[in-house]
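The stops below are given in the order in which to select them.

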Amino acid sequence: MGAQKKSATPRVSEDPEDLARNPLQAILLADSFATTFRPITLERPKVLLPLVNIPMIDYTLAWLESAGVEEVFVFCCAHSKQVIDYLESSQWSSKPNFIVTTIESHNSISAGDALRLIYERNVIHGDFVLISGDTVSNMLLTEALQEHRERKKKDANAIMTMVVKQSKPSPITQQSRLGTDELFMAINPVTKQLLCYEDKAEYSKGFISLDKTLIADNPSIILHNDKQDCYIDICSQEVLSLFTDNFDYQHLRRHFVKGLLVDDIMGYKIFTHEIHSSYAARIDNFRSYDTISKDIIQRWTYPFVPDILSGSTAIKVERQGTYRASDVTVSRSADIGSFTFIGQGTKIGNDTKISHSVVGEGCTIGSNVTIEGCYIWNNVTIEDGCQLRHAIVCDGVIMKSGAVLQPGVILSFKVVVGQQFVVPAYSKVSLLQQPTHLDSDEELEYADNTSGTGEPGYKLNGDITPDLSETAYELGAGGVGYIWSVFEGVQDEEWRQSVAPIPTDKLIKLMLEKDEDDEQLTQDGNVFSASGELKADSDDNGSGDDDNEDSGDDYVFFEKEVEATFLRAVNENVKVDHAVLEVNALRLSYNMASVDCAGAIFYSMMKLAVESPHNSASELHKNAADIITKWQKLLKSFLHDIDEEIEVVLKFEEMCLESAREFAALFPQILHLLYDKEILQEDAILKWADEKEGADAADKVFLKHSEKFIQWLKEAEEEDEDE
Amino acid sequence: MDFQVVVLAGGSSKNLTPLVSKELPKPLLPVANRPVLTYVLHQLEQSNLKDLIVVVEGEDAALVVGAWISGTFIDRLHVEIAAVPEDIGTAGAIREISHHLTTKDILVVSGDLVSDVPPGAVAATHRRHDAAVTATLCSIPVSGPLESGSSVGKDKAKKLGRYNIIGLDPGKQFLLHIATGAEIEKDARLPKRILRAVGQMEIRSDLMDAHMYAFKRSVLQEVLELKDAFQSLKEDVLPYLVRSQLKSEALSNRTPQGEENGNEKVTSLNNQVFVSRILANASIPSFHDRSSETPDGSAPTRKTHKCCAYIASSSSYCVRLNSIQAFMDINRDVTGEADHLLSGTDPNNNIGPSPKLGTKTTVGPHSMLGEGSEVGDKCQVKRSVIGRHCRIGSHVKVVNSVVMNHVTIGDGCIIQGSVVCSNVQLQDRVVLKDCQVGAGFVVTAGSEYKAESLARKEK
């Protein structure tokens, strides 16, 4: 732990100059808390995976050093031993003005946990750069830092600056070239304040909502669909304490950023800094691994390119972007194409063709092999006649002669592919068996797994002895490894984030689907057709209704969720307080008012009453009474004022007319019941009666029904006054 | 230019009672002693748009307006007057006169627009993009009486009304989204589809629709024909066109083409472009490949129709006379900071018997006295417009007010922030504050009114 000792004696700021200025610090998360790189990451942490033959973390650290960061805290969780060992043995442990300290944790399951832990350590003293260990960049931080500090001086609430970059997602797949989902951001063009961040694009939802207060406060807002989040954040110290205050923040974007944007009580603000000419990207999935590798080979990330970064081993850059280490043995008849990297000590046989690929160190490649767009790591043996297209092949893999990898294949460490065996497209092959369950929350699952089973004994070289049952020989004669099955539902999406380019037929299919969608929209939304002619539509107000429907949809979903929550609460006997919490959470996530909650809860209660068995109206009444009595607290916690109570009455009325006509006869009784239980105040009922007074006869049915009751209420009121 | 101009002059306007009357329909309300319609017609003449249809609500009003136009613009503009029933909305009015429209493009201007935005520039923008519709957008005027400018600066910035929520492309040439009316008060909902096509959209809430549109005639007529529920150009037709501008980037030619034959070629060409783009995408796009992936400005809309925006420069003046407040504001501005609008509108105006001023009477800046008016001794006129042939007694104060023609004002009257219509008689020592006095009304001596609307009972 040499690195840690170093941090114990930081450059003590005794001279007055240093007192004024804190050294720039950075937090590097050496765990992505995601499972996208499985099965490889079961054996080696993601940050140590080679990117053009150099571990990813080296790119990140090298950039941090060049950007003027003086102290880096590397947070390791999964395979932390490997990361620490690597850092200790690497150049990073002995830099004079660049201190790398590791912070180890075994039970963090998210970036939120990591930051909470770092907060407890109390090591961050000022602004810091928050970055994950899989980021490649060559941007200059000075400008962004300057902006951040100036903003912070003027407005103490400006606590974070996010780096963004132009990158337009493909109109067909709706994902960026890095394979990430499209991102919608709203930014104030003058102040660069981030106003809205929507990354989990719901394909079904065709609209983006901007809160009206945002529009009122910002005369001009630019909505971006063409920006990419670089996941480089400049944060003020408050960010860490915010994570501690909000212990439910897990994900940096989904929880933290969105949480801040929604929360208007504290008024914290996030700003963006757009970079134009420099590079910044994060390796989030196999597609971005492919894209960024190519960018590195094409030197967009200069000076962080293999020939400069690797330093000691001499790598020559030849024309057409071919990188060749010094002692490579290549047959004369072999054809090394453009944009290819060949690592040290690798031997390549006759008539072998390699293009757009990375071949690591110490590999042996036979004759008549075709390699195209592949990432072959170290010490891989490929026998004669193999064909590899768009695959990742990890350390120590052996491909027997004539084996074929179809596009998108991932071969994890030490897999052996049998003779003539064809590995089907998008397969993931590992010596380790696939974990049997896929938790709905993949982040949690991954962390559990790695901190539990994945932890012991994994060395940098993947020195493991997994037990191989017979099924391990799925890979043809002499093959070793399991082909992981693809989970239901994910299957179709496999191509989205694979190393292989998106097949044309998929694109065409998507395009046609999109067409159909639009067709749908044409019918729903009265869209102009191509020629400029109009399609006649049945409903002239359709366009107006369309909008309402959509917002109505939101409410319907919300109502369903509330109903489900309520039913669960009933069935599992959840405490009222907990149910209130859950409904509140739903309310926030659907952006509903508490009026809507009251309506939805009441609806669920009444629905339950109708659905529970009953033979007569009186039994139904009893059902309803029981439920209302039991859950009145839940309902009441959303009835803060009279409007909400009126909403309940209206909702009830609506139900009686539509979904639960059985209640129609019981309307006055239930109303009375609600009054007795003090769920509804008499003011609310009277106000409702007043409102309805002016309505059509049809609308007044229930008012008439409950006339007596209202009369009684009014009299009671008068009596009260008399007294 | 092959442009027909439709001037929607309106007629009686409920917002403007008691200012308008049978004799004085809205288009003839005086702004700096000229009918408000003068300003639009003058701008059109300046832009060499001389083929006009002036649409007036109500037969009677049409006659009055027609008489005035033929008297003033007879040899300068080619004007047809069309009378339409009242309360059919702007879209309804166009529908009524639809058969008169013949040219390829139509410019629709609201007759109550007082603006220095050149209509020719709007028409040119429209033509340049071959758009289906081009809307003129202008900055929201600072409304309200003068005092708002002084102290409560910050409050006012917040109160600055929002009239539209407008989405523009990065080049500020295309109108991608527009919300009007009640929609503004809700959360804005922006279609992702168009955002995906364009990449970024600027949402502006500090612009408003200035009621000057250029339409492609065929599109306008089709919309009006098929959507017979559409009442308003601003609230129905324009949002509809904007919403539907981008149907699909990959639409094949399965629908028969409209009368624009050029479209067919463009569409098929676009399909080719599109297919090649897909193929280009199939291989990993290289870095900085924006140009191939991002359709150039016009591409996203080329398939269907384009909705363009002409954004008037922030220094230009653009206000509609659609409320009494606006009437006061415009009168104030046209005699004051926007006085360039006056130049050339009516060169004869200031000739004729010049107004007579009594001794020690001061006429402050931003004021105007019509020909033949007489002002007595020791009067003060500040930031006010006084019409023709008015007789004003002595010791009268007129501040921030508009006084129309043939008004008699007795001695010692104080008039502040008020509108006094033609032929009104104010007897001695009347005090008016923030009032409107309808035509021909007589205010008895010594009475005081505050924030009231005075008018004769209709016979």
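The tour starts with confidence, then goes through parts of chain B and chain A.

**Confidence**

The model is predicted, and the predictor gives the complex an ipTM of 0.73 and a pTM of 0.68. Colour chain B by pLDDT: the average is 76, and 78% of the residues score at least 70. Now select residues 248-303 of chain B, where pLDDT stays under 50. For this stretch the model has 98 contacts beyond four places in sequence. Residues 347-351 of chain B also stay under 50, with five contacts beyond four places in sequence. Where pLDDT is low, the predicted coordinates should not be read in detail.

**Chain B overall**

Show chain B as a cartoon; its secondary structure comes to 12 helices and 33 strands. Of the 459 residues in chain B, 57% are buried. Among contacts in chain B with a separation of 6 or more, 56% are between residues 24 or more positions apart.

**The six-stranded sheet of chain B**

Which strands make up the open sheet of six in chain B, and in what order? The order is E16-E19-E22-E25-E28-E31, with parallel pairing. Strands E16 (356-357) and E31 (442-443) of chain B stand at the edges; each has a single partner strand, so one side of each is left without a neighbour in the sheet.

Zoom in on E22 (residues 391-392) and E25 (residues 408-409) of chain B, which pair in the parallel sense over two bridges. Select B:Arg391 to find B:Thr408 of E25(B) opposite.

**Cysteines**

Select the cysteine sulfurs in every chain: the structure holds zero disulfides. Take B:Cys307, which is in no disulfide; the nearest cysteine sulfur belongs to B:Cys308 and is 7.5 Å away. B:Cys307 is buried, with a relative accessible area of 0%. In chain A, A:Cys363 also counts as buried, at 0% relative accessibility.

Move to strand E9 (residues 184-187) of chain A and show side chains.

A:Ala186 stands opposite A:Cys196 in E10(A). The hairpin of E9(A) and E10(A) has six residues between the strands, and A:Lys192 takes a positive phi near 65 degrees there.

E12(A) and E9(A) pair in the antiparallel sense over three bridges, and A:Met185 has A:His224 as its bridge partner in E12(A).

Select A:Pro169, which lies in the loop between E8 and E9 of chain A. A:Pro169 is buried, with a relative accessible area of 5%. Leaving aside neighbours within four places in sequence, its contacts are A:Gln174, A:Gln175, A:Ser176, A:Glu182, A:Asn225 and A:Asp226. Draw a C-alpha to C-alpha distance from A:Pro169 to A:Gly179: the two are 10 residues apart in sequence and 9.0 Å apart in space.

**Helix H8 of chain A**

Go to helix H8 (residues 238-245) of chain A. Which of its residues are buried? They include A:Val239, A:Leu240, A:Ser241, A:Leu242 and A:Phe243. To see what the buried residues of H8(A) pack against, select these elements of chain A:

- strands E1 (25-29), E6 (128-132), E8 (158-166) and E13 (227-235)
- helices H5 (111-121) and H9 (252-262)

**Aromatic rings**

Over all chains there are 15 aromatic pairs. Show A:Phe243 of the last stop with A:Tyr249: the ring centres are 5.9 Å apart and the planes are at 80 degrees, so the pair is edge-to-face. Both residues are buried.

Then select A:Phe37, A:Phe286, A:Tyr289, A:Tyr375, A:Trp377 and A:Phe413, which form one aromatic cluster. Finish at A:Tyr231, where the charged end of A:Arg282 sits over the ring, 4.6 Å from its centre.

Definitions and conventions: Residues numbered from 1 in each chain as written. Chains lettered and ligands numbered in written order. Heavy atoms only, no water. Pairing = 2+ DSSP bridges. Helix = DSSP H or I, 4+ residues; strand = E, 2+ residues; numbered from the N terminus. pLDDT = per-residue confidence, 0-100. Contact = heavy atoms within 4.5 Å. Buried < 20%, exposed > 50% of the residue type's maximum accessible area, 1.4 Å probe, protein only. Disulfide = S-S within 2.5 Å. Phe/Tyr/Trp six-rings, centres within 6.5 Å; stacked < 30°, edge-to-face > 60°. Lys NZ or Arg CZ within 6 Å of the ring centre and 35° of its normal.
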